[in-house]
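Please read the following walk-through with the sequence and the model side by side.

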Amino acid sequence: MNHEEFFNYVKSSVSKFLGEGYSVSLNKVFKNNGLELTGIVITEEGITAAPTIYLNDFYKEYRAGKAPGQIINEVVSIYEESRCRLEMDFSFFADYDKIKNHILYKVLNWKANKRILEDVPHKTYMDLAIVFYVLIDNDIIGNGSVLIHNNHMQLWHVDTDEIYEMAVKNTPRLMPYRFSSMENVVEEIFGTQKAVDSLESDEKSNYDMYILTNTHKFFGASCMLYDNLLKRISEKLRSSLYIIPSSVHELIIIPKKVFSHEKKELIEIVRSMNTNEIDPQDMLSDTVYEYDREQGGIRM
């Protein structure tokens, strides 16, 4: 079976397995950076929400030799495990007063996400786009996020500027920055040291490389937008900065005063990382940004 035949086979088989009372359909979903996925959507009578189970990885497993029947069982099992999440009441999402203090921003690559940006409120920022989402903290599903679309703004009777203002207030509060040396990050991964805030301590990097993200390590590249944060970092390091977008979740900070090579070499490194190491939907940009300590601005 080719991929389309496989997707339709899964849809038909899951529908027969579940029987009456369920509606099964396929849905094309566009993720970050133009990544297109095919998901199976299972709707149960009496429940308004429905999970999307992506089938692309299942197709790879089928091509690698996994039995189709086993895949059907796994899809149904994932659905059964997701049912408790469907019991959540999302009616609160229609009430702007209930969600406005949970509106945050994140940054995406503008060019790679033009199709998504047609349907979501955003602001352009150099070669990036600032988009908005609602952070959900629930006892059943834990932390989650819902991307804000244009129809949400119509429902709430607000505009992009108002959403942006709320996100500017909320994001640093709910997603505090984390700025640590590269060594500290590696040591924390191996459990030999706790996280250290390099802005609030005397910790220095032997390699003059630092990681900037947030405490959730979730869309942490947006920390570049936090008010006065890059200024504080440049003053702490006593240098203007190179800002390397290693992913949508984190940035690498290098003091310009210690970097003896040309900027184009950094750009080549970033492009190589994006091509060979970064998950395509986590790629932020091929650009290396600069923060000027004297003029106090960020530029490409």
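Two strands count as paired if DSSP finds at least two bridges between them. Helices (H or I, at least four residues) and strands (E, at least two) are DSSP runs, numbered from the N terminus. The model is predicted: local features need pLDDT of at least 70, side-chain atom pairs count only at pLDDT 80 or more, and totals for chains, interfaces and linings use all residues. Residues are numbered from 1 along each chain as its sequence is written, and side-chain values use heavy atoms, with hydrogens and water left out.

Strand 2, residues 36–44, pairs with strand 3 in the antiparallel sense over three bridges. Within this part of the sheet, valine 41 stands opposite threonine 52 of strand 3. The open sheet has three strands in the order 1-2-3, with antiparallel pairing. Strand 1 (22–30) and strand 3 (52–54) are at the edges and have a single partner strand each, so one side of each lacks a neighbour in the sheet.

Helix 1 (residues 3–18) packs on the sheet and touches strand 1 and strand 2, where contact means heavy atoms within 4.5 Å. Buried residues (under 20% relative accessible area, 1.4 Å probe, protein chains only) in helix 1 are Phe6, Phe7, Val10, Ser13, Val14 and Leu18. Seen down the axis of helix 1, these buried residues fall within an arc of 135°, so they line one face of the helix; the arc is that of the directions from the helix axis to the C-beta atoms.

After helix 1 comes glycine 19, with a positive phi near 80°.

Technical notes
Axes fitted to C-alpha atoms, helices over the stretch in contact; angles between N-to-C directions. Buried < 20%, exposed > 50% of the residue type's maximum accessible area, 1.4 Å probe, protein only.
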